[in-house]
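Subject: Structure handover

Hi,

Here is the model we talked about, sequence and coordinates together.

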Amino acid sequence: MAALNEKIAEFGVVPVVVLNDEKDAKPLADALVEGGLPCAEVTFRTEAAEESIRIMTEAYPDMLVGAGTILTTEQVDRAVAAGAKFIVSPGFDPEIVDYCLSIEIPVFPGCVTPSEVAQAVKRGLKVVKFFPAEQYGGVSTIKALAAPYTMVKFMPTGGVNAGNLKDYLSCDKIVCCGGSWMVKGDLIKAGEFDRIREMTREAVELVRSIRA
């Protein structure tokens, strides 16, 4: 888990991907890898998600591909069998978190209240998701939550974009951000993978400039 946290922190941004057709998985993975961001959170909101994770991880075994929007332990099993290297859930579901810990798959549950963060701390988690970030107060709320829970860092997702990324990554309590602006659904649907690769490169450069 520690090694994964370090890797995600290194990236600074994790593309949050919605794939409606598994045929788009390989060209999307190509675009992300070539753009310098070999990672993705593939949301389990679509029927294509499971096979898409399999395709991406088979094409790029070293790519950090995880499964997002996980709502059941059955989905955890399917995602892991497909090759997912980490699990992300929108909220704190004790059953899902405990199950992931029992099978030793890294998990990032959504936490937006002190009580939810406390449950994560009790289970030894060092990084949690903060979702939906903008709607729940963004950086100011994260700083407030981090004050009593000094050992926890956050991965905000939801409303994060190129325009406010600096606000988030400038906070030392934020390990990385989840974002979809470089992998928008309309770009994927239109097959504009060259544009996705270009925007991915821009995101990588933005992270580098913020941290310089």
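Helix α1 (residues 2–11) buries Leu4, Asn5, Ile8 and Phe11. Buried means under 20% relative accessible area, exposed over 50%, and partly exposed in between, with a 1.4 Å probe and protein chains only. Helices (H or I, at least four residues) and strands (E, at least two) are DSSP runs, numbered from the N terminus. Viewed down the axis of α1, the buried residues fall within an arc of 120°, so they line one face of the helix. The arc is that of the directions from the helix axis to the C-beta atoms. Ala2, Ala3, Glu6 and Glu10 are exposed on the other side of α1. Just after α1, Gly12 has a positive phi of about 80°.

Before the rest, two notes on the source. This is a predicted model: local features need pLDDT of at least 70, side-chain atom pairs count only at pLDDT 80 or more, and totals for chains, interfaces and linings use all residues. Residues are numbered from 1 along each chain as its sequence is written, and side-chain values use heavy atoms, with hydrogens and water left out.

Helix α3 (residues 49–59) buries Ala49, Ser52, Ile53, Met56 and Thr57. Down the axis of α3, these fall within an arc of 125°, so they line one face of the helix. What do the buried residues of α3 pack against? Their partners are α2 (25–34), β2 (39–43), β3 (64–68) and α4. Contact here means heavy atoms within 4.5 Å.

Now the core. The largest nonpolar core has 77 residues, and Leu28, Met56, Ile87, Phe154 and Leu165 touch the most other members. Helix α10 (residues 193–211) gives the most to this core, with seven residues. A nonpolar core is a set of buried Ala, Val, Leu, Ile, Met, Phe, Trp, Tyr and Cys residues joined through side-chain atoms within 4.5 Å. Take Ile87. Leaving aside neighbours within four places in sequence, Ile87 is in contact with Ala67, Ile70, Val76, Ala79, Cys100, Ile105, Pro106, Val107 and Phe108.

Next, the rings. The whole structure holds two aromatic pairs. Rings of Phe, Tyr and Trp (its six-membered ring) pair if their centres lie within 6.5 Å; planes under 30 degrees apart count as stacked, over 60 as edge-to-face and the rest as tilted. Phe86 and Phe108 pair edge-to-face, at 5.9 Å centre to centre and 80° between the planes. Phe86 is in the loop between α4 (73–82) and β4 (87–89), and Phe108 is in strand β5 (residues 107–109), 22 residues apart. Both Phe86 and Phe108 are buried. The centres of Phe130 and Phe154 are 6.4 Å apart and their planes at 90°, so this pair is edge-to-face. Phe130 is in strand β6 (residues 127–130) and Phe154 in strand β7 (residues 153–156), 24 residues apart. Phe130 is buried at 0% relative accessible area, and Phe154 is buried at 0%.

For Cys176, the nearest cysteine sulfur is that of Cys177, 6.6 Å away. Cys176 is buried at 0% relative accessibility, and Cys177 is buried at 1%.

Best wishes

Note on methods. A disulfide is a pair of cysteine sulfur atoms within 2.5 Å.
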